[in-house]
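I opened the model and kept notes as I went. The entries follow the order in which I looked things up.

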Amino acid sequence: MKEESINGDSGMRGEGFSFWLVGFVLLIVLPLLNVLPGTDSPLHVSDFTLNLFGKFLAFAILALGLDLIWGYTGILSLGHGVFFGLGAYAIGMHMMLSIGTESVYGSALPDFMVWNQVKELPLFWKPFSSAWLSVAAAILVPTIFAAIFGFLAFRSRIKGVYFSIITQALALSAWLVFNRNETNLGGTNGLTDFKTFFGFRLSEPGTQRTLYVVTVFFLGGAYLLCRWIIKSRTGKVLVAIRDSEQRVLFSGYSPANYKLFVFVVSAALAGLAGALYVPQVGIITPAQIGVLPSIEMVIWVAVGGRGTLVGAVLGAVGVNLGRSILTNHFPELWPFFLGGLFIAVVLFFPDGCVGLLRKLGGGWSSRKAGEGLDKPLATSEPGSR
Amino acid sequence: MKKMWWIVALAVLCGGVAGVRAEEPALTAPSAAPAMIEEALKGLAGEDAAVQEAAVQTLITRGDADLLPRLEAMRAEGDRSLRMAIKPVLDLLKSKTKLTSRKAEDRRSAAADLAATGNPMALVWLEAALPTEQDRWVRYQIEESINLTKLAADDPAVKAAAASRLGELHSQNAVPALKELAGPSTSPGQAPAADSGERSPEQALVAKAAAEAIERIETWSSWTSAIETFFRGISLSSVLLLMALGLAIIFGLMGVINMAHGEFMMLGAYATFLTQEGFKAWLPPGLFDYYFLLAMPCSFLAAGLFGLLLEASLIRFLYGRPLETLLATWGVSLILIQGARVVFGDLTSVVAPSWLSGGMQLMVGVQLPYNRLFIIALAAVCVLGIYFLLFRTGVGLRVRAVMQNRNMSACLAIPTRKVDAYTFAFGSGLAGLAGCALTLIGNVEPGLGQNYIVDSFMVVVTGGVGKLAGTIVASLGIGGLNKLLEPSFGAVYGKVFILVLVILFLQWRPSGLFTIKGRHVES
């Protein structure tokens, strides 16, 4: 690795400028276009589109976390759907309870409990009647869960593919458990039919607009946080772990601790993403947290360009945009397209869109130093064991 | 109205008397039989219910199987009441004939049918058949039938004896009847008779015998269900083993994680399906049963060729980048699943050949289905084959050499690229074979492989890379545990529990059960 890449700080001005530009567009321009022009104006952004973008940006928060652990630290987690789900279910449970007697059966209990003949609110549901506690839980539960899981995994030096497989098994198990009716999490149908969030009606465009703006704020925050981590000393160690864990170990660092740290941070971001996702989409089901969605999240990062924070955001928005267009028009083709995307990204543009753009604008990017840091190790590890 | 009931009652009585009377001449003077039978047949066709009833009794008591065609003819022509009257005669006589059939299966079902009629004559026939019966399971069935019939006898001593004998036989079929005998309190259906306040000593004896028998039977059945669970565990493990062997060899050799491995299994299953359809369409039906013999090589080849193709077009560019292969092959699996869904639709099933239906009766209440036995045998043969291939042939030597040290092998003129390609194809073919085997115990659907892929990866992780023994032990362990935990935990929590176990196990042995010993730093 070139030396300049280690302390590459130039190019930050350009990055800062685009950060504020994108933030300005997402935060001010889009909502304004939603409110100001008439519905027939070509510039008008419909409530639906704004809501859709809110969802994508929530995903982008998750992608940032995933990029942190995969793109920068080289740990491929195939279980981030679980952390996303934990955050989403925490908020979902709160909104379920805040429906109150507006539900179909007019009971204070959520509808699915009435179907399942649950007479009393299960104990673990009780804290979720408080909105702030639920918000805290949406971040803390995935964090704590990731801390325990990560501690066990990294302590015994489960790494590489082994870690991926274990996390995939985790996603499968979580999916199975959330699907069960007796866990009182809504079974296959999940949690839905929400009415209010923090006292605001979810059906009103104003509420959705606010949620969108909040999501943009959190995305910006998450971006800055990730950037700060990467630029810090810790970030350098993380990249070093990706490139050669042995050397880091022999240099006196404890890779396990760093890995645990980054795993926990990315799980917290995933939980946050889930928490922002649910009120905007209005439903959370086990189908959104299983094996397939978890591995799809990885492909967002891969398509955007792993090892670059911009790429993660870009990928999350881009792939999901493509998905919602394709599934609307050709639902049968989407799996083919997604599968092709997996293959193409690995074979033809391993650095994703960002890498592709850089290649195209060669001269411009070579002046930007920070990039060396972002590129994964080019030489392949020996396959021999 | 009342008068009619009287007539019926009288008729029944007469019939009974006639039956008893008819028995004696039958035993003493066979020459008198034809006339009596003719008379009975005539009576059967008549209008009078009493005469009809008597005729039925006569015919049953005579038990002359030669009459079957005539009775059939009468039944075909007769009106409803005649048909109703003839049916029990026909059934009993048919069962009686079947009791002397050549096929053990027929004799067995006849014995079971006779017990269900509860007719006293059935008892006579069964007891006559018992001493000459050779087949163990037919004997068992006859004895069970005899004692089941005796359970309804009037004599308490006979009842008690039958109950305890049924207990000795571990007869699951007798449990409802025994329960009724064991405690009147447990069967609320019984009307409280005037004298049921205190039970007579004989009745108490019967109840005690029945209760003991029930206990015996239930202990036995808990054992047999344990054995069956164990057996199902092994057969699940066999499928897992076939999957995991391919995965482990590929991973060990090339450091490639093939997420599409489950889809090779799916391909194998569809190859089997297509072979079956081909036999249906083009070959005479008599050959249909043999399609499975052709389906096995077909599925192996189909999956293997596809593996070769995948290796040449995708995997070879990704050597030494396990995480990337994982993603790319996942994409391949998505495409294959959706492709199968578009081509074949959602659900197709394969008819197991008739020589694999049924099962082997191991002991009372334990039947090992042939299809599961076949899968186990197939897995065993494959394991032996792989061992032979790897450790006794030149090809295997090369594979092992490349597995241990790729660069050194290349230096020694081993064509490592070829070894890789063929090994990958072979591993894929094994998955195809697993898919073929799987059609025997389940439906063929596009998502078939997905159900097994995570489990088989867990096997690879737990077993350790590079040693077949690890894969075998781990797949037996995980498959067995899966089935073992299912009854008590439920399938879902069983799976979760296994994940926790695997994670804890890896704390203790981070690189799996068996590993190649050496001083290498983990790469």
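Entry 1, confidence. Among the elements of chain B, which has the lowest mean pLDDT and which the highest? I found the lowest mean, 48, in helix H1 (residues 2-28) of chain B, and the highest, 92, in helix H13 (residues 291-313) of chain B. I note that this is a predicted model. Over residues 13-31 of chain B the pLDDT is below 50, and I counted 20 contacts for this stretch beyond near neighbours in sequence. I found a further stretch, residues 185-197 of chain B, where pLDDT stays under 50. For residues 185-197 of chain B the model has 4 contacts beyond four places in sequence. Chain B as a whole averages a pLDDT of 77, with 86% of the residues scoring at least 70. For the complex I wrote down the predictor's ipTM of 0.82 and pTM of 0.77.

Entry 2, the two chains. I listed 17 helices and 4 strands for chain A, and 21 helices and 2 strands for chain B. Chain A has 385 residues, of which 47% are buried. Chain B has 523 residues, and 41% of them count as buried. I then took the contacts between residues at least 6 apart in sequence. In chain A, 78% of these join residues at least 24 apart; in chain B the share is 73%.

How many residues does each chain bring to the contact? I got 42 residues from chain B and 42 residues from chain A. On the side of chain B that touches chain A, the elements giving two or more residues are helix H14 (322-344), helix H17 (406-411), helix H19 (450-463) and helix H21 (491-508) of chain B. H14(B) gives the most, with 14 residues. By class, I sorted this side of chain B into 29 nonpolar, 9 polar and 4 charged residues.

I looked at helix H9 (residues 156-169) and helix H11 (residues 201-254) of chain B, which pack at an angle of about 10° with their axes 8 Å apart. From H9(B) the contact includes Pro156(B), Ala160(B), Ala163(B) and Gly167(B). From H11(B) I noted, among others, Leu205(B), Val206(B), Ala209(B), Ala213(B) and Ile217(B). The contact of H9(B) with H11(B) has 10 nonpolar, 3 polar and 4 charged residues.

Which residues of helix H15 (residues 352-360) of chain A are buried? I found Gly352(A), Val354(A), Gly355(A) and Arg358(A). Seen down the axis of H15(A), these buried residues fall within an arc of 125°, so they line one face of the helix.

Asp193(A) has a phi of about 70° and is found in the loop between strand E1 (191-192) and strand E2 (196-197) of chain A. Ala413(B) has a phi of about 65° and lies in the loop between H17 and helix H18 (416-438) of chain B. With 7 C-beta neighbours inside 10 Å, Ala413(B) counts as exposed.

Terms used:
Residues numbered from 1 in each chain as written. Chains lettered and ligands numbered in written order. Predicted model: local features only at pLDDT ≥ 70, side-chain atom pairs only at ≥ 80, totals over all residues. Contact = placed C-beta atoms within 7 Å. Nonpolar A, V, L, I, M, F, W, Y, C, P; charged D, E, K, R; others polar. pLDDT = per-residue confidence, 0-100. Buried ≥ 20, exposed ≤ 12 C-beta atoms within 10 Å, placed from the backbone. Arc of directions from axis to C-beta. Axes fitted to C-alpha atoms, helices over the stretch in contact; angles between N-to-C directions.
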